[in-house]
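The sequence and structure come first.

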Amino acid sequence: MPAADTTASARTESRTPAAERSATSGSAKYLGWLFAVAIAAAAFNLRPVVTSLGPLLDQVRDDLGMNPTLAGLLTAVPSLCFALFGFAAPAAARRIGPIAVVTAGMGAITAGVLARSFAGGTAVFLLLTALAMAGVAVSNVLLPVVIKRYFPEKVGPMIGLYSMALSAGTALAALVSVPLTNALGGDWRHGLGVWAALGALALVLWLPVLIAKRERGEHAGGAALARLPITRSRTAWALACFFGLQATGAYVVMGWLPKIFQDAGVDKGTSGVLLAVTMVIGVPVSFVLPNLAARRGDQRPFVVVLASCGIVGYAGLAFAPAGGAWVWAVLVGLSNCAFPLVLTMIGLRARTAGGVAQLSAFAQGVGYLISVPGLILIGRIYDITGQWYWPLGFLALLLVPQMLFGLRAARARHIEDEAVHPVEQAKA
């Protein structure tokens, strides 16, 4: 071979790996963007299952023959499902990988939301709602894990994106459920079933991510998913209690706030808009708050401020629900931003993705179990008294222990240290 040809060949060979690296880098960049969009789409679907129902609850109750106690049980279904299926999420992630479980979760949300719009009775409606909630539950637990694993240097911003998308989905469902139902002929079944389209879109986005990442069971989690004696960690218990108490308030608001305003003389459409305001206020706050919280060693100031907003908001709803409706909606919305705060703390209180998986499952599983009695009790108190004064007072009272547990959970600790060396941590 001539020298010139040899030199040209050498140059070509030297450029080829660089070109391949550039192409690989470009593909990884586009996959990263797709992954981020998929996470946002999944988060967007985690609350319309519930908040699309709130403004239409009276229609659903009348059509299916629900009494207020059964309606209270309906608001408790999300928490019960989150607890049961949330505990199973890490085991499923160890077997088939967290991305596969989240993808299956999007499928369950789509199927459950669509099928329940055809339900002919309360039992079937509750079961199909539970199917959708199972998908929400596993995604709730594992999306922070996915973020910790694949975006380890951007936990704060990605949790912010996740929380913002979740709040946006919550708000949109509350805002448009009534007008959308009216536009579709006034049948609540159409107004609820249409939300399955968003679940299908999220599923379509997750399928290429699932194929590209090629997770395979234990290989996907590796040693990072080794089990910890998490019940030894005081921080884990504090997070679980904080999570459960904030979930009680959040799901009462999502399920009952339109009814609270309607009972005060506010029309149905405006009550849905007020619920949307409560959720919309969380969109910017849910993006900013995780970033601010992640930069601090502890998050105690945020815990106090959010609980204080809730106490004032619930007091306003009890004494002057219609007079200051917009103010109370904003304050209650700010209080509900305890959810992105606790998600951020879950991501910060563990060192590894495996630790986050277990902490997320434990905090959400135990937390949602804690919330179930309160959610049922709210419906029962209203059923007995026919007033919202006592249920709202109960919610305001719950914010006191929520604040105390939040202050304990917000301190800079890692559950791995507490679980493995609980005595040393207790002395620290």
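How many residues apart in helix α11 are K259 and D263, and about how many helical turns separate them? They are four residues apart in helix α11 (residues 234-263), which puts about one helical turn between them.

## Basis

This is a predicted model: local features need pLDDT of at least 70 and side-chain atom pairs pLDDT 80 or more, while totals for chains, interfaces and linings use all residues. Residues are numbered from 1 along each chain as its sequence is written, and side-chain values use heavy atoms, without hydrogens and water.

Helices are DSSP runs of H or I with at least four residues, numbered from the N terminus.

## Salt bridges

The whole structure holds four salt bridges (a side-chain nitrogen of Lys or Arg within 4 Å of a carboxyl oxygen of Asp or Glu). In the one between K259 and D263, the closest N and O atoms are 3.3 Å apart. K259 is buried at 15% relative accessibility, whereas D263 is partly exposed at 37% (buried is under 20% relative accessible area, exposed over 50%, partly exposed in between, with a 1.4 Å probe and protein chains only).

D63 pairs with R189, with closest N and O atoms 3.3 Å apart. D63 lies in helix α3 (residues 57-64) and R189 in helix α8 (residues 188-193), so this bridge ties together parts 126 residues apart in sequence.

## Helix contact

I159, Y162, S163 and L166 of α7 meet F339, P340, L343 and T344 of α16 (contact means heavy atoms within 4.5 Å).

Methods. Helix = DSSP H or I, 4+ residues; strand = E, 2+ residues; numbered from the N terminus.
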